[in-house]
Amino acid sequence: MEEKTCGGESRGMQTGMGQLLRWFGIALIVISMLGPAFAPVSYGVEASSAEDSQVKTVKITTKPASGQINRRMGVVVRKSASSRSKKVARLPNNKKITMEHMTFTTTKNYSRKQRWFYIKCGSVKGYVPVNQVDHVRYQYRKVKAKRNLTYRYGAGCKMRKKGTLKKGTTLSLCLETKAKGSKTLWYRFRYGKKFYFVSSKDLNLTETVGIEPDRDNGSSPAKPSDSGSSGTQTNNKGNETKPDTENIVTPPETNPSVNATALQSNKKPMAVQMPKSTLTAWYNSLLKMANLIEKNNLKYNKGGGGTTYQKGLKAKKVNCATYISWSLQDAGFEPSGFCFYLGYGKVYDQKIPKNYFIKSPNYLVQTNLNMSLADCVKKGFLKPGDIVGWQNGYHTMVYKHTKNGKYYFFSVGPKSVANKVVHENTYKASYRIGVIIRRIA
């Protein structure tokens, strides 16, 4: 006979309900312990609801990049990423800055014109266009794709797709990027030799690596070869001479204040060409100075005669470097007294600021190229109007053209001055080119 409780329930029913409650309590404890393991994880995305606000947010962080202003007249820093935005300040040319992130001003166009850097420079904070900054150096982080992912040419799901990367692919992440109107954080990353963009949702942080230079053009540094003969050179009469290793303004061994700029060549032809108007003015000045040197019977001298043509005329002296420097002054490209020279794959700053050509937005420079003259022309490294120096000796000259298998230069040497052929020097194809400087403005 069942025993009744005061509530009218049987003792057997009470026992069954108690067991059920105990099992239910254990289940709640287990679920609460396992909950975080099944909870969705967002990467750098702001919570959009009360439920989302309880979700743990994991954000991949990147360090700022560095660079410098590359506009001669300086750059206006603005409050937001728009040319119509309020002006915050103006920074001078070559001013060093820090870039914290990149912003796209559109969701569809991935051109450089649509990108802005958020920068800091002392107390100045604001936005500047990406194309007004050069010498960019990123601080990379290595990341792995946690699943197959799509990467794009720009930041945003509407940007054109480049391709798909497999799960576990390692990328070199470099800068946070914000897409207009999107809450999702994107990153610029280096994959192989190119730059693309990927959503932060698809990545899993692994480790930090060192600072490397920005190489948007897809190039990678390569050490110059030690092999290769210095070859011979010929004048316009076909007479072979030894490489011109004496045409120096002041050897660095005797003047420690002279700085040599030595960078690694990227082993890629420089894409930007000299404008036609610039080339015309450059040729006119080179021919003018050549005619003046010949007309006034200036003699070759390794000391050069002076940093201006007037000084050289008074001294009746000239050399390879002063001839090219005087021509730059005559063309109005550089101020009076501007003087430099090239040799052994390096740029030697004489009467100019240190690393002038490297820093100037008006020039592109390749050093330590160590490539034969024939290969430089054939592979597109050398273009008319380029200022050129040897890899295995001191010399400064300007490439004119190749005609009937001969390579012609505007050049001053002992033979050329004596024979009055400053603008008709020829050199052998085997000669090794070390430096190329190209005027692009």
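Reply: Among contacts in the protein between residues at least 6 apart in sequence, 63% join residues at least 24 apart; contact means heavy atoms within 4.5 Å. This is a predicted model, in which local features need pLDDT of at least 70 and side-chain atom pairs count only at pLDDT 80 or more, while totals for chains, interfaces and linings use all residues. Residues are numbered from 1 along each chain as its sequence is written, and side-chain values use heavy atoms, with hydrogens and water left out.

The secondary structure comes to seven helices and 29 strands. Helices (H or I, at least four residues) and strands (E, at least two) are DSSP runs, numbered from the N terminus. Of the 441 residues, 46% count as buried. Buried means under 20% relative accessible area, exposed means over 50%, and partly exposed is in between (1.4 Å probe, protein chains only).

Now to the salt bridges. Side chains of opposite charge can pair when their charged atoms come close. A salt bridge is counted when a side-chain nitrogen of Lys or Arg is within 4 Å of a carboxyl oxygen of Asp or Glu. By this rule there are five salt bridges, and three of them, one by one, are described here.

One of them joins the side chains of lysine 120 and glutamate 100, at 3.1 Å from N to O. Lysine 120 is in strand β7 (residues 115-121) and glutamate 100 is in strand β6 (residues 96-104), so the pair links distant parts of the chain, 20 residues apart. Lysine 120 has a relative accessible area of 27%, so it is partly exposed. Glutamate 100 is also partly exposed, because its value is 28%.

Another salt bridge joins glutamate 334 and arginine 439, at 3.3 Å from N to O. Because glutamate 334 lies in the loop between α4 (320-330) and β21 (340-343) and arginine 439 in strand β29 (residues 432-439), the pair ties together parts that are 105 residues apart in sequence. Glutamate 334 counts as buried at 6% relative accessibility, and arginine 439 is buried with a relative accessible area of 9%.

A further salt bridge is formed by the side chains of aspartate 386 and arginine 438, at 2.9 Å from N to O. Aspartate 386 sits in the loop between α6 (373-378) and β25, arginine 438 sits in strand β29, and the two are 52 residues apart. Aspartate 386 counts as buried at 0% relative accessibility, and arginine 438 counts as buried at 0% as well.

Threonine 396 is in the loop between β25 (387-390) and β26 (397-403). Its relative accessible area is 0%, so threonine 396 is buried. Apart from its neighbours within four places in sequence, threonine 396 is in contact with several residues, including Cys320, Phe340, Leu342 and Val388. The side chain of threonine 396 reaches the backbone nitrogen of leucine 342 at 3.0 Å. The C-alpha atoms of threonine 396 and serine 411 are separated by 7.4 Å, although the two residues are 15 apart along the chain.

Serine 372 lies in strand β24 (residues 371-372). Serine 372 is buried, with a relative accessible area of 10%. With neighbours within four places in sequence left aside, serine 372 touches Ala429, Ser430, Tyr431 and Arg432.

How values were computed:
A polar contact is a pair of N or O atoms within 3.5 Å; within protein, one must be able to donate a hydrogen and the other to accept it, and residues adjacent in sequence count only if both atoms are side-chain atoms.
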